Amino acid sequence: MLAKENLKPSKLLCHLQTRHSTSQTKPFEYFQRKLQELRGQQSTLRKAATMNQKALQASFVVANWIDKIGKPHTLSETYCMIHRQALAAKKMPPQVKQVMDEAVHTVNAIKTSATSARLFKISCQEMGAEHHQLLYHSKVRWQSRGNVVSHLYELRGEVRAYLLEKNSPLAATFSDEVLQTNVFRISAKPTAVALEIEESLIDLYPEGLREYDYISDFVIRGLHYDVQKALLMKIDAFHYIQLGTVYRGLHPVSEKEVIAMYEGSHVPLEQMSDFYGKSSHGHTMKQFMDIFSLPEMTLLSCVNDYFMKHNIDYEPVHLYKDVKKIERPILGKYIRYGEQTHAVLRKLSENGKKMFLITNSPFDFVSRGMNYIVGKDWRDLFDVVIVQADKPGFFNDRRKPFRRVTDKGVLLWDRIHKLEKGQIYKQGNLYEFLRLTGWRGSKVLYFGDHIYSDLADLTLKHGWRTGAIIPELRQEIKIMNTEEYVHTTTWLQGLTSLVENMQVHRDPASQMVLQEWIKEREAMRSRTKDIFNPQFGSLFRTYHNPTYFSRRLSRFADIYMASLSCLLNYDLHHTFFPRRTPLQHEAPMWPDQVCSGALKLPFLAEAAQVK
């Protein structure tokens, strides 16, 4: 705050030039936008709180007195803000309050006794955590609860490990699904508590959005979103929309309407997402590829649903951009716990394998995450560690040199002539990496969880072998091994062959039977989809074709698995041989490529015996 005597234009200009020199060349629109953001924050507080008239009058008296003596208004503003925020905290939406209450309950459970607090501190020290203690919640000031949640968030990995060790039911609060639910709640139901959310954006949207709950199983990864039409859908490997999987908001769109909008079910190449799955340069489709897009897709669906339900006219493109701004600052910090990851890395290291880590995250976040997932000795396992690499630009841009980073985050200025074990490097590029290490071609196996950002360029341009980590694979295989799925797919294969072979019979009786088979086949197709997910089906397959996600996966990944720990099932000298899959004109002649039970049908048995 400035004193009254400093509000003269000349002094304001001097203040701008000396204290905010980086902003003095910005256009007028920049300051207009900042003013609008400030007003949005003020509006949020006005909506969330009601002010006592006597307290309001006292505030004006204090402000008037300070104005008369020409002093800065900092004191009176601070006094007013504390009271306004205290009232705002009492108006917190119930579901956001539940999230915060759970956090406070967890903290207080750990700090109930001196012994428990001491053991937790020791656990944090052993895991190399940045903080070793949690904060108690105090009701004296409303901000204390925000600090409690913030501190707990930073130590979430250590807290989960400690609670699991103590067999505490509170550990379930820190599971992946619960974390996604809480992220959705905080994103869709923001309050005056500033949990890294752009309040000015939130303030523009209706209060009714706060009533939506997170539906953890509504969407799957790999879906496409038509940014202009606000439609979420699954597309197969040949750019055909899987009818029955197109959703506007939380409700399906009829096949007839989809065909009318797209003049069929095929999406032209120029409308599909670009090489990295984004909607840019005229591409109207965005593909959601990573784990953190699940809450983002659900939030988009809920907001679209609300607007349609209340007949609110809106621009879908603006909504899409706003949701991305709200979601990403929170989602980018969540990590998934990788079981037995340390055992895999230790096994590779002890057998003389050279290992490197290339990540887009900053070092402090990487260090905390790796301490949690791998252990304090994680840096001893890697020969090269590169942070803030800016993938996929790292694989293509030759201009950025490597820069060494100290453990404290200080950037050094010396030229890098060698990538040394135990050191941390920032940015750089793959071409310089290849020159300094000599690790080239098919002898390198690189693992990543994002098909585009991690694997695409390495496969197409540099000839590395690539492995994809697909966590959903574990659940999909579990479903495929159920009796229901095996029976349904076996009968579906049989019905398809029956229809194909019997359609030559044109007499009325045969045609009637044929139509019954076709109806039953359609029911079986829907059933095989619903087994995986009622809305969108399997991550890997449409009714009969691979999904667009599956096709890109097979194109950019030589091997894929549910987690890195799957490698523990194989010897280090094990060779994975590619399968000879039959082409369209070839009959399946290998047992593992013929559906179980299908050979009982005579015409398939004959096809399988073709020499």
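Modeller: Two strands pair if DSSP finds at least two bridges between them. Keep in mind that this is a predicted model.

Colleague: In what order do the three strands of the open sheet stand?

Modeller: The order is E10-E11-E12, with parallel pairing. Strand E10 (445–448) and strand E12 (559–561) are the edges; each has a single partner strand, so one side of each lacks a neighbour in the sheet. From one strand to the next, the twist averages 20 degrees.

Colleague: How many bridges join E11 to E12?

Modeller: Three, with E11 spanning residues 465–469. Gly-467 has Ile-559 in E12 as its bridge partner.

Colleague: Now backbone angles. Which residues have a positive phi without being glycine?

Modeller: Most residues other than glycine have a negative phi. Ala-230 has phi near 60 degrees. Gln-427 has a phi of about 55 degrees.

Colleague: Where do Ala-230 and Gln-427 lie?

Modeller: Ala-230 sits in the loop between strand E1 (224–226) and strand E2 (231–233). Gln-427 belongs to strand E9 (residues 424–427).

Colleague: Is Ala-230 buried or exposed?

Modeller: Buried means under 20% relative accessible area. Ala-230 has 3%, so it is buried. Gln-427, at 30%, is partly exposed.

Colleague: Which peptide bond is cis?

Modeller: Most peptide bonds are trans. The one from Lys-391 to Pro-392 is cis, with omega near 5 degrees. Pro-392 lies in the loop between strand E7 (384–387) and strand E8 (402–405).

Colleague: What is Arg-346 in contact with, beyond its neighbours within four places in sequence?

Modeller: Asp-377 and Leu-381. Arg-346 lies in helix H14 (residues 341–350). Its relative accessible area is 28%, so Arg-346 is partly exposed.

How values were computed
Residues are numbered from 1 along each chain as its sequence is written. This is a predicted model: local features need pLDDT of at least 70, side-chain atom pairs count only at pLDDT 80 or more; totals for chains, interfaces and linings use all residues. Side-chain values use heavy atoms; hydrogens and water are left out. Helices (H or I, at least four residues) and strands (E, at least two) are DSSP runs, numbered from the N terminus. Axes are lines fitted to C-alpha atoms, for helices over the stretch in contact, and angles run from 0 to 180 degrees between N-to-C directions. Buried means under 20% relative accessible area, exposed over 50%, partly exposed in between (1.4 Å probe, protein chains only). Contact means heavy atoms within 4.5 Å.
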